[in-house]
Amino acid sequence: MSVVSIRNLHYAYDPLLPGGEPISVLRGVDLDVEQGEFLSLMGPTGVGKTTLCMALNGLVPQATGGHIRGSVEVLGCDPRRTPVEELAARVGIVYQDPESQLFCTTVQDEVAFGPENLGVAAQEIKERVEWALNVVGMSSYGDRSPNQLSGGEKQRVAIAASLAMMPEVLILDEPAASLDPVGRFQVFEAIEALCQQRRVTIIMVSHDAEHVAQFSDRVAVMWEGRLARVGTPSEIFFDRSLRDQVGFAIPQVSTLAMALNSRYGTAYRFTRVDEAEEALRRDIAEQQAFRKTSEVYSSGTAWPQSASANEWMHRQDGLEDFGSLIRTQDLWYEYDATIPALNGVDLSIPDNAYLAVVGQNGSGKTTLVKHFNGLLKPTRGEVWVYGRSTESATVGELAHQVGYVFQNPDHQIFCATTWEEIAFGPRNLGLAPETVRARVSEALETFSLTPYAETPPAVLGYGLRRKVSIAAVYAMRPQILILDEPSIGLDWRSTQELMARVDELHDQGHTIILVTHDMRLVAEYTRQTLVMHEGGVLTYGPTEVVLCQTEQLKQAQIAPPQIARLAGRLTDLGFNGQALSVEGFCVAYGELWEGKA
């Protein structure tokens, strides 16, 4: 039975400026979603995914205005005419930006707010709150203010608040982009259980191809306001013409399947790690010939998995004498007297590092890097940047050397137009007007923002606002560039474009620091990885070493990327556990194949 039925849906927002043209977003969408189905929406930033979701709970057009035609039916109701508050009892939505829906003084009040407004009995509200917070791993945070939480923790609370209302249809707009890898999987498992146990219908917007493949029944790909194709994850991810046309992420193991097929004439078609493991084990077992453990292919430096941060630091030739670009000594930071966000961090970051800072939500990642540009000052201890203590430097002074892109673009955007937003930083560095113009033009082009140059950035969609915030810092050309969750809100092509620019900056000698939960990004781009846990450094070293430290990653709620997990599962067949990339895995596969000759 269809719980969502959409026919020839068109929608255009009102003009941004007087006398302007309506902004057409949806251009003839047709879609049916069955009860209990898990449907994912994919596609580039700005193609209408969020607008389509808002049309399902009545916010479009009741809250947004604009021009709409066609038909929409959800649970037998017309969202265009059913009051939003009435529909909210049956259709839940979790927004891409959690701060836009959190407003209560405590976490438990936030989660209880929805059921209270539905008139649910007090005892049941208590049970729902406990259940929902347990699902998202926030049971011990009930009395905490949402303002004291990290971005990922806020996202967990927003999900819990929606789950507590027990909706029949749950709409998730990039629900897990801010979550740590293990927490993300746990939340998705709980949502999948809702589908199976309570027949809840899930509609999820996501760029995370691996979780889409793991949990979705079907995938709908949007392109230029329409649905380009709807199919199973395998049908979508192995449709080459669709990928070339639209440009979206596919699971890393699907990329591996295509690479193996091209190189070795195989016919693999897997989208999940378990599928890949089963297929590879079957084929290798049939050949019954592979290299012994002593002949295992090795790619990269193979330090023991137990290598500590200090051991790595002293194993690097001359590294102990490099003269750190950034250094912390016994760094402590407390947001209040009861919450130590950092506890005794000792850290050295060399010039031209390409560093990933990873760890579970609330581990202290953002708190740490905010000390590097002076946004936070130590409660105790010291931080030096270029040999100067940040205690004696202002944020403005440090901005000449350290650029910081906030996790939430709305914490950074304030100018009247996108052009002015990007120009603000270079102007305040005292650059000549012609240099400012050149840098703004380049940044607009680099991040595909030229059409929005005269548009107020505050009215752009989340993904576009994210691009503006990155472009504004990029235009300043800081020697040290810190990107806090850079891929959140960006589609696959935009992420690739961003990382290409970041790579160029690193090649030119800039130091890059990425705070991220995207472990594929970590494996494919960064040279060093720092793992934070409970406000301290759990491990620190070369990325290929750190991503093989299974116990430390597990402790920090970190899951390695798909290729690394697959290689780790196949070590008994001769695969090296340090294969972090498709290329590295293909080489190892070829070595095994040659060994069978």
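No disulfides are present in this structure. The model is a predicted one.

**Cysteines**
- A disulfide covalently links the sulfur atoms of two cysteines.
- The count of disulfides here is zero.
- Cys-53 counts as buried because its relative accessibility, 2%, is under the 20% cut-off.
- Cys-104 is also buried, because its relative accessible area of 17% falls under 20%.

**His-207**
- His-207 sits in a loop, with strand S7 (201-205) on one side and helix H8 (209-215) on the other.
- At 19% relative accessibility, His-207 is classed as buried, because the limit is under 20%.

- Strands in a sheet pair through backbone hydrogen bonds, in parallel or antiparallel fashion.
- Here six strands make an open sheet with mixed pairing, ordered S15-S16-S17-S12-S18-S19.
- Strand S15 (402-405) and strand S19 (536-542) are the edges; each has a single partner strand, so one side of each lacks a neighbour in the sheet.
- From one strand to the next, the twist averages 15°.
- Strand S18 (residues 528-533) and S19 run antiparallel, joined by six bridges.
- Met-532 has Val-537 in S19 as its bridge partner.

**Helix on the sheet**
- Helix H18 (residues 462-474) packs on the sheet and touches S15 and strand S16 (480-484).
- The direction of H18 makes about 180° with that of S15.

Methods:
Residues numbered from 1 in each chain as written. Predicted model: local features only at pLDDT ≥ 70, side-chain atom pairs only at ≥ 80, totals over all residues. Heavy atoms only, no water. Disulfide = S-S within 2.5 Å. Buried < 20%, exposed > 50% of the residue type's maximum accessible area, 1.4 Å probe, protein only. Helix = DSSP H or I, 4+ residues; strand = E, 2+ residues; numbered from the N terminus. Pairing = 2+ DSSP bridges. Axes fitted to C-alpha atoms, helices over the stretch in contact; angles between N-to-C directions. Contact = heavy atoms within 4.5 Å.
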